[in-house]
Amino acid sequence: MNDEPYFYHPLENIEDIDEFEAAVERTQFNKALSPERPYTYWTLELYDQENGIRGGGGLGVLAADTRRVAEQMGVPFVLITPFYPSESKQVMQNGHVSDEHLPVDYHDFGFRLVDNVYVKCCGNLCKLDVVEKRFRNTRIVCVTEPNFGELYSGMSGSDHRLYQEVSLGFGGYAALKLLGLKPAIMQLNEVATFFAALARLDELASNGMDFYEAVVYTRKHTLYTNHTLVQAAEAEFSEEQFERFVYPNLKSPAVKKWMRDKFENGRLKLSSVTIEIAELRSGVSKLHARVANYRDISGNKVKFRAVTNGVDLEKWVLPEILTFYRKYDIIDNIGLPTPGFRDALENLSSEKIREFKRAGREILNSVLADRPDQNGQILHFSDEDFIFDFKRRFVDYKRPDLAFRDLNRLKKILKERDAHYIIAGRIHTGDSVMGAKLDKLLADVESDEFLNTHVHYLANYDEELAFGLSCGSNVAINVPIVGLEACGTSWMKDVANLNLLISTHDGGVADVSAENYLNVHGVNEDEELEELYRRMEEAISAWENDFDLEFLLQKQLAAFLPVISGARMMKDYLDYLFPA
Ligand SMILES: *Cc1c(COP(=O)(O)O)cnc(C)c1O
């Protein structure tokens, strides 16, 4: 960790916007970044309910946290994303999960209409509203229109998705011009945002810059952040779709030709062109950056710089714990661990841990007050209750059902401590395979009287529930199939809020060595399952012993705090984008 304070000074002290902008000028990036030449971040998904935008999962939460840490660090930053006029919410009905669709209005969340921009699609001029919301040195700029649809509506190679992606790219780029903003850097959060970089290339090439110079310039200022492990899984678009949605928006014949040449047998994967247009490329954990298997157009393996995701500690940490981190100089005023943070962790006593857990449990109970479980029960936990949680999207590779493979064993573990096991996770809309898996799991649970009152499924997993569980439960379970999680951020919230982490060695967890948390490993799933059960027993007994509890939680935090700090993530991006 760098001893020098990375940024200038505590933002809490800045009331006045002029003073604030003067402070921004003083940053070491004052040449590269300014309010008019900001860091721009492009994403199809933003998960920021406070600002009216609800995403699907980790990708959107990451985008929201990135803007928040940029704000705390005084980085001039603009996030460009669609405002979806409709969003889905999952509800339990007769024991099954189903989707509800609700309209959302940007006026209700403090966005102001700036003006309109247009994109050309299928021979029509499509009018988009540009709306923005400002937060000191950062802004959220959105494009939207009444028929924009929902996040991830339709199949990933469909016309509607392409329309949304083209609207964000070309419409968003035009929106920045309207606002008088010139991107110093364009960070593309996954390949669906490729069209933003294409819009820039087209603008440069059609305004007199030599085509090759325009390519070089665009490449040097574009960062592609990959979250996916294999290129093969990506959807393709056809040239015929590009004829209708993309080419009409291009002014430069050279760019149009460049684009046409990228098709193979009339098909195109956006990753192949995103790699071409972005010289800077990052993966979201050390392991992911190493194993992501992508090839460029010449067939060479693409190198990704590892910038492990982090979370905004201000947002995700229980206020009492955050105050403790600050009071003992564990983190500094922008959320970076201090050089001496490991020694300072000695102040984390078991009495403090238990005090924080009581405060966290109160928050959890208030979050649960209007969220019945699968049996329609409202849950309320006492300070003595013991809670395991599994909270993450309900997808196969995360193995939400792993602990349920041996019901007798699970029951024995829970029964000895009268412990509860909470599952919260969204099923991807239309994923009938996972829907059936959940039905089976709940039927198994229902068939046993003890399990039926100690295993709880909560529908509509969202930020509030993520926060409530991470500060109110005792143990978090994270068991993706090793090699399939790019990073994961749910477990970061648990570590920051002093839950014991039981995890396989994957994603961002594998940034540190496996002895720093309750690791689950095995040469096959049976071995992993056995280890999971043993770790659950170990976690229960650790919470019963002050010395073990202190030891394990101090060790966990000592290893992970630099990993999970969102400010560390932003610092890593800035170091990569603007090398000294
Ligand atoms: C933190 C968070 C996520 C991230 O989940 P991972 O599976 O760890 O990537 C997803 N959804 C919500 C609502 C969250 O708060």
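Reader: What is the order of the strands in the open sheet?
Author: The nine strands follow S5-S6-S7-S2-S1-S8-S9-S12-S13, with mixed pairing. Strands here are DSSP E runs of at least two residues, and helices are H or I runs of at least four, both numbered from the N terminus. This is a predicted model, where local features need pLDDT of at least 70 and side-chain atom pairs 80 or more, while totals for chains, interfaces and linings use all residues. Residues are numbered from 1 along each chain as its sequence is written, and side-chain values use heavy atoms, without hydrogens and water.

Reader: What makes S5 and S13 edge strands?
Author: Strand S5 (112-121) and strand S13 (305-306) each pair on one side only.

Reader: How do you know that S2 and S7 pair?
Author: Pairing takes at least two DSSP bridges. Six bridges join S2 (residues 77-82) to S7 (residues 138-144), and the two run parallel, so the strands count as paired. Proline 82, for instance, has valine 143 in S7 as its bridge partner.

Reader: Why is asparagine 460 called buried?
Author: Buried means under 20% relative accessible area, exposed over 50%, and partly exposed in between (1.4 Å probe, protein chains only). Asparagine 460 has 9%, so it is buried. This residue sits in the loop between strand S16 (455-458) and helix H17 (463-472).

Reader: And why is cysteine 122 called partly exposed?
Author: Its relative accessible area is 39%, so cysteine 122 falls in the middle class. Cysteine 122 lies in the loop between S5 and strand S6 (124-135).
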